[in-house]
Amino acid sequence: MRHTIEKVRLYEPVEFIATFLTDRLNFRQTDRPVAVHITCSTRKMGLDQSLIRLAQKCSFCVLIPEEVGCCGFGGDKGFTHPEVNAYALRKLRPQIVASGAERGYSNSRTCEIGLTVHTDIPYQSIVYLVAECTI
């Protein structure tokens with residue numbers, strides 16, 4: 001969308017929070033461990049470190065799972081080909097258990113659906129974590 005819509009500046013939620021809100025919010029870090037999934041589009045836009053920094057402002061213990069890149073959901077393909085999603089996330093569940101994380105955060109609802117199914121913990125938008133940890 002950014003390449004076709006030139007009259008309006010579009011912001012991904014993490015980018016918007018980092019650009020306009022971080023300095024205006026008071027963060028209270030939780031000691032509750034959280035898992036964070038960096039989506040393919042987040043990586044492509046170069047916002048992966050912004051997402052990690054934002055999560056670290058919210059929690060002292062942020063799990064960025066190793067060997068878990070693309071979640072394999074592929075937009076809506078995960079609904080019709082769940083085996084791709086399952087294979088892509090095969091190494092995630094053990095890391096979640098080891099970390100003690102009971103909630104996960106990302107920035108794509110379809111990715112969050114697949115992550116929730118394959119980890120047995122709820123994944124939701126990073127915006128919810130920011131809302132929970134700010135005044």
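In the predicted model, four strands form an open, parallel sheet in the order β2-β1-β3-β4, where strands are DSSP runs (E, at least two residues) and helices likewise (H or I, at least four), numbered from the N terminus. Two strands count as paired if DSSP finds at least two bridges between them. The edge strands, each pairing on one side only, are β2 (62–63) and β4 (123–125). Strand β1 (residues 34–36) runs parallel to β3 (residues 104–106) and is joined to β3 by two bridges; Ala35 has Gly104 of β3 as its bridge partner.

Residues are numbered from 1 along each chain as its sequence is written. Because the model is predicted, local features need pLDDT of at least 70 and side-chain atom pairs count only at pLDDT 80 or more, while totals for chains, interfaces and linings use all residues; side-chain values use heavy atoms, without hydrogens and water.

Two residues other than glycine have positive phi values: Glu67, near 60°, and Asp120, about 65°. Glu67 is placed in the loop between β2 and α4 (77–80), and Asp120 in the loop between α7 and β4. Glu67 is exposed at 61% relative accessibility, and Asp120 is likewise exposed, with a relative accessible area of 61% (buried, under 20%; exposed, over 50%; partly exposed, in between; 1.4 Å probe, protein chains only).

Tyr11 lies in the segment before α1 (13–21) and is partly exposed, with a relative accessible area of 32%.
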